[in-house]
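Reader: I am new to this structure. Please take one part and look at it closely.

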Amino acid sequence: MTDKLARSLVVLERDGYETQKKLEQVRATRESFAQHLEILEAIDPKSWNPADLHRELSRALSTVDDARAEFSQQRSRLHALATNGEAEDVALPEAAPEVRGTGERSFGQWMVIGFAVTLPLIAFGLIALLISYWMAKG
């Protein structure tokens, strides 16, 4: 019985250490997220000077990118700390919704897109040709 108790104490100590480590990481992540949220909520485009619009926009985009990078980094850390990769330990959403990249389209899709974009120009050209033909005859 003493052997079982001694082994159990070692296992409990190790579990306590791992749990403490997870708790510290969660606290640090929470503080980081709170700071980034406060900074993001402080962005007020209405108060920007129109003369400095480009600079203010760059600063705001940089702030959002920093927050996104921190979010992804902390999410990865929390996921790595999760035991056995259980998803329930890390219930954070993805940093950004999936965006369909431009390289994922086939040649045929690009042809259809190109035709749709140039269709107004083609229609205008045909109308101009008809008008010039009508004017030349009359």
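What follows is a close look at one residue and its surroundings. Where does Q25 lie, and what does Q25 touch?

Author: First, some ground rules. This is a predicted model, where local features need pLDDT of at least 70, side-chain atom pairs count only at pLDDT 80 or more, and totals for chains, interfaces and linings use all residues. Residues are numbered from 1 along each chain as its sequence is written, and side-chain values use heavy atoms, with hydrogens and water left out.

Start with the whole. The protein has three helices and zero strands. Helices here are DSSP runs (H or I, at least four residues), strands likewise (E, at least two), numbered from the N terminus. The mean pLDDT is 84; pLDDT is the predictor's confidence in each residue, from 0 to 100. Helix α2 (residues 53–81) has the lowest mean among the elements, 88. Over residues 85–89, pLDDT stays under 50.

Now Q25. Q25 lies in helix α1, residues 2–41. Q25 has a relative accessible area of 19%, so it is buried. The cut-offs are under 20% for buried, over 50% for exposed, and partly exposed in between, with a 1.4 Å probe and protein chains only. Buried residues make up 10% of the 138 residues in the protein.

What does Q25 meet? Leaving out residues up to four places away in sequence, Q25 touches Q74, R77, L78 and L81. Contact means heavy atoms within 4.5 Å. With Q74 there is also a polar contact of 2.8 Å between the side chains. A polar contact is a pair of N or O atoms within 3.5 Å; within protein, one must be able to donate a hydrogen and the other to accept it, and residues adjacent in sequence count only if both atoms are side-chain atoms.

Look next at L81, in helix α2. L81 is at 25% relative accessibility, so it counts as partly exposed. Beyond its neighbours within four places in sequence, L81 contacts K21, K22 and Q25.

Finally, the two helices. The axes of α1 and α2 come within 10 Å and cross at roughly 165 degrees. That makes α1 roughly antiparallel to α2. Axes are lines fitted to C-alpha atoms, for helices over the stretch in contact, and angles run from 0 to 180 degrees between N-to-C directions. Angles over 145 degrees count as roughly antiparallel, under 35 as roughly parallel, 65 to 115 as roughly perpendicular and the rest as oblique. Q25 is among the α1 residues that make this contact, and Q74 and L81 are among those of α2.
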